[in-house]
Amino acid sequence: MVMTIVENEVQIPGQIVVLDPQDGSTVGTVPAASKADAERAVDFASRAFESYRTLPANVRSSALAEVAKLLHEEREEFSRLIAREGIKTIREARREVARCVNTLKLSAEEVSRLTGETIPFDQAEGSENRVGYYRRIPLGVVVAITPFNDPLNLVAHKIGPAIAAGNAVILKPHSETPLSAQRLVNLFARTGLPAGLLQMLTGRGSEIGDTLVSDPRVRMISFTGGKDVGKHIQAIAGVKKLAMELGSSCPVIVFPDADEALALDASISGAFWAAGQNCLHVQRLLLHETIFDDFARQFCQRATALRVGNKLDDATDMGPMINEQAAKKLEALVVDALDSGASLLCGGRRQGNVFFPTVLANVDPTCAIAEEEVFGPVTILERFNSVEEAIAKANSVDHGLQAGIFTRDLNIAFRVADALDCGGVMINDSSDFRIDAMPFGGTKGSGIGREGVAHAAREMSDVKTYCFNLQQSVGCETDL
Ligand code: NAD
């Protein structure tokens, strides 16, 4: 058999070998689906949806609840798999699995909350005899495309609500981290969910993506990933629903009255969680002029003290980047900023695909790093002197996922939270705070639509209206 090594990927015809980004060891293999496989998956999903479109809500809910239970029982095996195939440390992976159990439980519960309501048709003159209601119906076939950085919970954020709403789902996980997703999908096979309502296609987006995305039988694409792929999907999808969970460059603003210890703890975690490969990553830390020097010094001390190393060791704080190409891309962004006059406060070093925690200041606003998502362990410190300046700096990029504000002043908190152009503002937390039940998504270049189980389930369903035109007197009259 012919084998070629391309970056972090060993290619065997028809298969994808999943490598641990830490040491290049093989974690597992999955099939590399072809265009024909993608077409077959859509055929099968369409037929399964037609057969099971009236599948009772209790069957869908029980399947989701059962998978949440099985996942909890196998949580340590799942955590180790996430930590091996991807970039997370074992502690980060355990947290992801616990959240995923919750996402699936929420999805099971959401089945019974997907209700409609009655419509007062008699409000319109001439419609006095009409009564009716609307209810939620599934869309049909939903294609879910997921990124590498949260390889399990972001999968659950798509397949959980899609099944809750009664759709047939085709999941396409990232080709570098498909194994935890595959194991999750296998858990569904142990429930009463009919075959075909959930399928997984492992393969490269460049090979099978267009076939899945452009098929008119697919009614929705739920995509989480980078802006470039998101734009491409939007251009070729045709008439269908789109959910786009894209990247960001999240700001965190620290005012002089903030609880400094709280702001430091939260910003360090938000900046370096998953080695910065996190859409909620604290990319820009805006510090009031009066606290800048002291906060910057402590932030760098904490960043430098993070233990970077073996992902499976409980003591490790930060793992590698997904591949050397991603680490080199980040290095180029940092070098470009330094060449344009930025100050390197700590880090800036790359070793293979490990990029050490890095803090920059005095970044020229025209540099690529000032606008682009870094998606790695680099944070830029900026000064501000007034509330208006902080708001203007925070809003200055074409991203708007989440932001954080640290202040004890309620008036400032409300004013700034209202003025920030993004999908969520965390007050006295970093941008990197999320629970799986809350609405989640971005404005501007950060995307379209909202996830969070209840919101996603609504986006993954349609509203159907029923109206009964009742006659004043009907045939079967009685003596009453
Ligand atoms: P990516 O865009 O490279 O890949 C995402 C998915 O798209 C993968 O499954 C990939 O195989 C697939 N894909 C690639 N080409 C395709 C095509 N032509 N058609 C269809 N699918 C295709 O993103 P990534 O590197 O895995 O993830 C990082 C990005 O995801 C970052 O920008 C990050 O901010 C973003 N992200 C956003 C959120 C959010 O909730 N907003 C969460 C996590 C990650």
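Visitor: Which helix gives the largest share of the shell around the ligand?
Guide: Helix 7 does, with 4 residues. Keep in mind that this is a predicted model.

Visitor: Which other elements give two or more residues there?
Guide: Strand 10 (218–224) and helix 8 (227–236) do, along with helix 7 (205–214).

Visitor: And which residues come nearest to the ligand?
Guide: There are 28 residues around the ligand. Thr146, Lys172, Gly226, Leu246 and Glu373 come nearest.

Visitor: What does Glu373 do with its side chain there?
Guide: An N or O atom in the side chain of Glu373 is 2.6 Å from an oxygen atom of the ligand.

Visitor: What about Thr146?
Guide: There the backbone is involved. A polar backbone atom of Thr146 lies 2.7 Å from a ligand oxygen. Gly225 also has a polar backbone atom by a ligand oxygen, at 3.2 Å.

Visitor: How much of the ligand's area does the protein bury?
Guide: The protein buries 88% of it. Taken alone, the ligand exposes 860 Å².

Visitor: What classes of residue make up the shell around the ligand?
Guide: The shell has 13 nonpolar, 11 polar and 4 charged residues.

Visitor: Where does the ligand lie relative to the domains, and why?
Guide: The ligand lies between domain 1 (11–246 + 446–465) and domain 2 (250–427), because both give residues to its shell.

Visitor: Which helix gives the most to it?
Guide: Helix 4, with 4 residues. Helix 4 spans 90–110. Helix 5 (153–164) and helix 9 (260–272) each supply at least two residues as well.

Visitor: Why does the second largest pocket lie between the two domains?
Guide: Domain 1 and domain 2 both give residues to the lining of the second largest pocket, so it lies between them.

Visitor: Now the cavities. How many of 30 Å³ or more turn up?
Guide: A search of the whole structure finds 3.

Visitor: Which strands give two or more residues to its lining?
Guide: Strand 12 (250–254), strand 19 (399–400) and strand 20 (402–406) do.

Visitor: And how do the lining residues of the largest cavity divide by class?
Guide: Into 8 nonpolar, 6 polar and 3 charged.

Conventions: Residues numbered from 1 in each chain as written. Predicted model: local features only at pLDDT ≥ 70, side-chain atom pairs only at ≥ 80, totals over all residues. Heavy atoms only, no water. Near = heavy atom within 4 Å. Polar contact = N/O pair within 3.5 Å; in protein donor to acceptor, adjacent residues only side chain to side chain. Areas by Shrake-Rupley, 256 points an atom, 1.4 Å probe, with all protein chains shown as cover. Nonpolar A, V, L, I, M, F, W, Y, C, P; charged D, E, K, R; others polar. Domains from an automatic or database assignment. 1 Å grid on protein atoms, 1.4 Å probe; cavity = no way out; pocket = protein on both sides within 12 Å on 5 of 7 lines; lining within 4 Å. Points joined across faces, edges and corners; volume = space filled by probe spheres on them.
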